[in-house]
Amino acid sequence: MSTLTPFPDMAPVPRVLVDVPVVEFPAGSVTVSLSRTCEGRTMAVRGGVRRSALSPLIVVDAEAGFQVESSYTVVGYDAEGKIVGSWPVGTVTLNFAGTVIQQPLDPRLSVQVERMWETGQVLSRPTPFSLTYPQREMLPGMVGLGPRRGLEDVEWNIVALNHEDADMLQATLDPPQLPVWCIRTPPDMRIPRVFFCSVGLKELDTYRLTDSTEVHFQAVTTEVRPPAVGITAAVLTHSDMKVFFATHTQVKARYATHSDIKRDTSLIGAADA
């Protein structure tokens, strides 16, 4: 039976462990992919794209929305890449009350921030078009109508509570990272709970004027498609395993199968801690 296990902590980010057994894959599947629907939007789950159907689909979804229901579906593909069917995995709610900013390709580069009241005061979803005035006409016609775009030029006024968090926020954009964020917020803001965006970031040198260690930032963001959903750095490595186990015998004594190892999310990133 499939399981959905929420982890509402910053280790490294709030996440959901999705575990789908082979018996629930659509018949005829050679590969399978996992998708998530949240607030009516369906997205591929990062790290869960075109996985082998010979073993359970175990994925850590580090981009699930906060305080809203997320439903998961597994989609099966044959050897030619054609869809052979889909299966509803289930629904889960990730109850986290903060605002988290992370680098989509590496959620280890992430930080919880405080949003100032000025954030998102103006939300614009423009529809591209141009006006053309026919000869001898008083009123123009519209050319190139639609479709309506995502959010553009959303302004964020945010605070990192200390210099370590401020450094991490900057690290989300440092080379070789993409200039893209995944921002997740509770439902108190009229933007998608899972908001991918291009970023223009400014750090405000305001902490020198007070005794606070807080660091203020301003960012201007435009909504973009999730980048490279087949790539994630939040995977278990041999170096992570070596932190806990000296020999393969020790590993076998604790875990019955390789899938059991992948279910233990506490191992991921241990080598970088």
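A: Start with Asp106, which is buried, with a relative accessible area of 10%. The model is predicted, and the distances below are computed from its atoms. Asp106 forms a salt bridge with Arg108, and their closest N and O atoms are 2.8 Å apart. Arg108 has 33% relative accessibility and counts as partly exposed.

The partner of Arg115 is Asp188, at 2.9 Å from N to O. Arg115 is partly exposed, with a relative accessible area of 24%. Asp188 is exposed, with a relative accessible area of 56%, because the limit for that class is over 50%.

Strand β10 also holds Ser110. Ser110 is buried at 9% relative accessibility, because buried means under 20%. The side chain of Ser110 reaches back to Pro107, where the backbone oxygen lies at 2.8 Å. Leaving out residues up to four places away in sequence, Ser110 touches Met10, Pro12 and Val13, and also Ile101, Gln102, Met168 and Thr172.

Now the rest of the chain. By the rule used here, the salt bridges number nine. One of them joins Arg46 and Glu63, with the closest N and O atoms 2.6 Å apart. Arg46 is in the loop between β4 (41-44) and β5 (51-52), while Glu63 is in the loop between β6 and β7; the two residues are 17 residues apart, and the pair links distant parts of the chain. Arg46 is buried, at 6% relative accessibility, and Glu63 is buried too, at 3%. As a general point, side chains of opposite charge can pair when their charged atoms come close.

The nonpolar residues come next. In soluble globular proteins, nonpolar side chains tend to be buried together. Here the largest nonpolar core has 22 residues, and those with the most contacts inside it are Val16, Val18, Leu34, Leu57, Tyr72 and Val89. At least two residues of this core come from each of β2 (15-20), β3 (31-38), β6 (57-61), β7 (69-77) and β8 (83-93). Strand β2 gives the largest share, three residues.

Beyond its neighbours within four places in sequence, Val16 is in contact with Leu4, Thr5 and Pro6, with Val59, Val60, Asp61 and Ala64, and with Tyr72, Val92 and Leu94. Apart from this core lies another, of 21 residues, which includes Ile101, Val111, Leu173 and Ala219. Ile101 is also one of the residues that Ser110 touches.

Some nonpolar side chains are found at the surface. Phe129, Leu131, Tyr133, Met142 and Leu145 make a nonpolar surface patch of about 580 Å². Leu145 belongs to the loop between β12 (141-143) and β13 (154-160). Leu145 counts as exposed, at 61% relative accessibility.

Ser110, in strand β10, is buried.

Methods. Residues numbered from 1 in each chain as written. Predicted model: local features only at pLDDT ≥ 70, side-chain atom pairs only at ≥ 80, totals over all residues. Heavy atoms only, no water. Core = buried A, V, L, I, M, F, W, Y, C linked by side-chain atoms within 4.5 Å. Buried < 20%, exposed > 50% of the residue type's maximum accessible area, 1.4 Å probe, protein only. Helix = DSSP H or I, 4+ residues; strand = E, 2+ residues; numbered from the N terminus. Contact = heavy atoms within 4.5 Å. Salt bridge = Lys/Arg side-chain N within 4 Å of Asp/Glu carboxyl O. Polar contact = N/O pair within 3.5 Å; in protein donor to acceptor, adjacent residues only side chain to side chain. Patch = residues over 30% accessible without salt bridge, like charges linked within 9 Å, V, L, I, M, F, W, Y side chains within 5 Å. Areas by Shrake-Rupley, 256 points an atom, 1.4 Å probe, with all protein chains shown as cover.
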